[in-house]
Amino acid sequence: MKEKLEELQTKIEQTIISSAEELEQFRLTYLSRKGILNDLFEEFKIIPNETKKDLGKLMNAVKQDVQEKFNDASVLFQTSASHNKSNIQSDLTLPAEIENIGGRHPLSLVENEIVSIFNKISFTITEGPEIEDDWHNFSALNFPENHPARDMQDTFFIDKEVALRTHTSSVQVRLMENQKPPLRAIMPGRVYRNEAVSARANCFFHQVEGIYIDKKVSFADLKQTLYYFVKEMFGEDVKVRFRPSFFPFTEPSAEMDISCLLCKGEGCNVCKYTGWVEILGCGMIDPNVLENCGINPEEYSGFAFGMGIERIAMLKYDVKDLRTYFTNDVSFLKQFSQL
Ligand code: PHE
C-alpha cells in the first residue's frame, strides 16, 4: 500500500489541470465518493494496526496534495467559468435595474423637521413612557377629578390608575419634576385616544409638545417662538392667528391657526371654507401645574404648546385621509423615499 501511495503522490504532482473540464475530471477521479481517495481510505481500515501509524501520515499527505491541487485549480477555472457565464448574460446596453431602497415614513420626516427647527433655538428632546399613571397624564396637569377627558370615551385605561397617555404633556410633568428651571424642551411621541377611526381621527397619533420655563417668560415669548416655528416650517408667506381657548393646564390658553396651505386662504374643504387651519394648542403654564411639579410659580413662569404631527404632515403633503399613514401601502410610502 505504501508504494501505491507514493506512486499516487508523484502522479498528482505531475498532473496538470488546464481547463474546467480537466478540473472536473480530477475531482471525479480523486475526490468523489467513488474516487481513488475514498477507495484508499476503505483499504486503510483493514490493514494491520502496526502499519497504520506510518501509512496514516502518508495517506493524509496524499489527501492534502489532492485537495490543494484541486483548490488551486478551482480558483482559476471555476471562477473564470462563472465569469464567462455572467459575461454572456449581461448586456451592458440594458437599462440598470432599479434598486428598491426604502425611505423614511412621512410622519418621521415631519417629526424630524419639527425637532430640528426647535433644536436650532436650543430646545432639547425629552421622551417618556407611553403607559402613564393618572398623576402624570391628568392630576398634575390640573384635570379636575370629573373632567370628561378622563372618562372612557377618550382614554384607554389599563386599570383605574394606569392608562395609555393621551398627550405628551405627561412628559412635561416628568421633566418639571426632575429638573430645575430654566427648562427648554420638546417632547415628541405617540399618544392614544379612544376615538372612532375616520379620515380625520385615529385611535393613536403622534405629537410634539414643548415647554419653556424661566424667570419672566411671557405670552410674547410664546408667540414669538411659535411665529419662528411656523415660518421655518411652512415658509415666510404663511399667516398666523391665535384664538382664545381652554386647557386645564394653561392659563391663558390659545389655539393657533395658519392660513390654509392648500387653497392659500381662499377656502377649500380642508379648511372648511374658512381659509384657516388649526395646528396647535398652547398657553401659559397654570401656576397650579408648576406648583404640582415642585416649581415655585412666584419665581418662574413658562409656556407650553402641543401639536399633532399627522395634521401637519397632511397639510404639508396634501394627504386627505389620515388612515393612509398606517396602512403600510408601498405606493403611498414610495412617494416620500426621495425626501
Ligand atoms: N396637550 C394638549 C393636547 O394634547 C396640547 C397642549 C399642550 C395645549 C400644551 C396647550 C399647551 O391637545
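Eight of the ten residues of strand S4 (residues 183-192) are buried, so the strand is largely enclosed by the rest of the structure. Keep in mind that this is a predicted model.

**Exercise 1.** Work out which strands pair with S4, and in which sense.

*Solution.* Start with strand S1, residues 124-125: it pairs with S4 in the parallel sense, over two bridges. To find your place there, look at Thr124, which stands opposite Ala185 in S4. Now go to strand S5, residues 204-214, where the pairing with S4 is antiparallel and runs over ten bridges. A handy landmark for this pairing is Ile186, which stands opposite Gly210 in S5.

**Exercise 2.** Describe how helix H1 (residues 2-14) packs against helix H3 (residues 36-45).

*Solution.* Two numbers get us going, because a pair of packed helices is described by the angle between the axes and the distance between them. Here the angle is about 160°, and the axes of H1 and H3 lie 12 Å apart. Angles over 145 degrees count as roughly antiparallel, so H1 is roughly antiparallel to H3. Next comes handedness: H1 passes H3 in a left-handed crossing.

**Exercise 3.** Which residues make the contact between H1 and H3, and how do they split by class?

*Solution.* On the H1 side, pick out Lys4, Leu5 and Leu8; H3 brings Ile36, Leu40 and Glu43. Sorted by class, the contact of H1 with H3 has four nonpolar residues, two charged ones and no polar ones.

Notes:
Residues numbered from 1 in each chain as written. Predicted model: local features only at pLDDT ≥ 70, side-chain atom pairs only at ≥ 80, totals over all residues. Heavy atoms only, no water. Buried < 20%, exposed > 50% of the residue type's maximum accessible area, 1.4 Å probe, protein only. Helix = DSSP H or I, 4+ residues; strand = E, 2+ residues; numbered from the N terminus. Pairing = 2+ DSSP bridges. Axes fitted to C-alpha atoms, helices over the stretch in contact; angles between N-to-C directions. Parallel < 35°, antiparallel > 145°, perpendicular 65-115°, else oblique. Left-handed = near helix turned anticlockwise from the far one by under 90°. Contact = heavy atoms within 4.5 Å. Nonpolar A, V, L, I, M, F, W, Y, C, P; charged D, E, K, R; others polar.
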